[in-house]
Amino acid sequence: MKIDLTKYHFFSKVAIYTLGVVSILIGIYHLYKPNELLHLVPFFLPGGEIWSYMMGVSYFLVGVSFLFNYYVKFTSYLLALFLFLFVVSVHIPNYFFADSNDIRTFALFNILNNTAIGAFALHIGAGARNQKLHFEDND
């Protein structure tokens with residue numbers, strides 16, 4: 001259930017560990033400052049702060065997974081799914097219904113940022129071997 005890091009280039013390892021640390025920090029922020037993120041929760045999702053706590057725990061666990069190299073395939077795909085869902089359910093609506101150009105620019109930045117990080121998470125997941133999470137025969 002690990003990535004064979006011996007086959008990865010030095011900078012690939014640095015990138016994976018960096019994403020792990022950043023994910024932990026984002027998770028901690030979600031857990032300690034849920035009210036500051038409440039305005040990003042779409043109006044059609046009930047629960048308010050609960051979403052911030054759920055995402056905080058998810059980000060934290062993804063980061064721990066990357067740092068300790070366990071369940072990397074599963075958590076990578078989970079992170080990518082969350083990020084792509086954020087793009088569709090939060091950032092794109094914020095972009096189209098923004099009251100100002102500053103909010104629209106921030107939403108566009110978040111669309112591009114989350115899409116890029118989601119793609120990187122998919123790349124990490126695709127490179128993880130022996131994860132016992134088979135979607136394809138060559139997985």
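Some ground rules before we start. Because the model is predicted, local features need pLDDT of at least 70 and side-chain atom pairs count only at pLDDT 80 or more, while totals for chains, interfaces and linings use all residues. Residues are numbered from 1 along each chain as its sequence is written, and side-chain values use heavy atoms, with hydrogens and water left out.

Okay, the salt bridge. That term means a side-chain nitrogen of Lys or Arg within 4 Å of a carboxyl oxygen of Asp or Glu. Searching the whole structure turns up one, and it joins the side chains of K33 and E36, at 3.9 Å from N to O. Buried would be under 20% relative accessible area and exposed over 50%, with partly exposed in between, using a 1.4 Å probe and protein chains only.

Next, S58, which sits in helix 3, residues 49-68. Helices here are DSSP runs of H or I, at least four residues, numbered from the N terminus. S58 is buried, at 17%, and a polar atom of its side chain lies 2.9 Å from the backbone oxygen of M54.

Last up, helix 5, residues 101-127. Its 27 residues reach 39 Å from first C-alpha to last, close to the 39 Å expected at 1.5 Å a residue; that expected span is 1.5 Å times one less than the number of residues. Its buried residues include A107, N110 and I111, and the buried set packs against helix 1 (10-32), helix 3 and helix 4 (72-96).

Note on methods
Helices (H or I, at least four residues) and strands (E, at least two) are DSSP runs, numbered from the N terminus. A polar contact is a pair of N or O atoms within 3.5 Å; within protein, one must be able to donate a hydrogen and the other to accept it, and residues adjacent in sequence count only if both atoms are side-chain atoms. Contact means heavy atoms within 4.5 Å.
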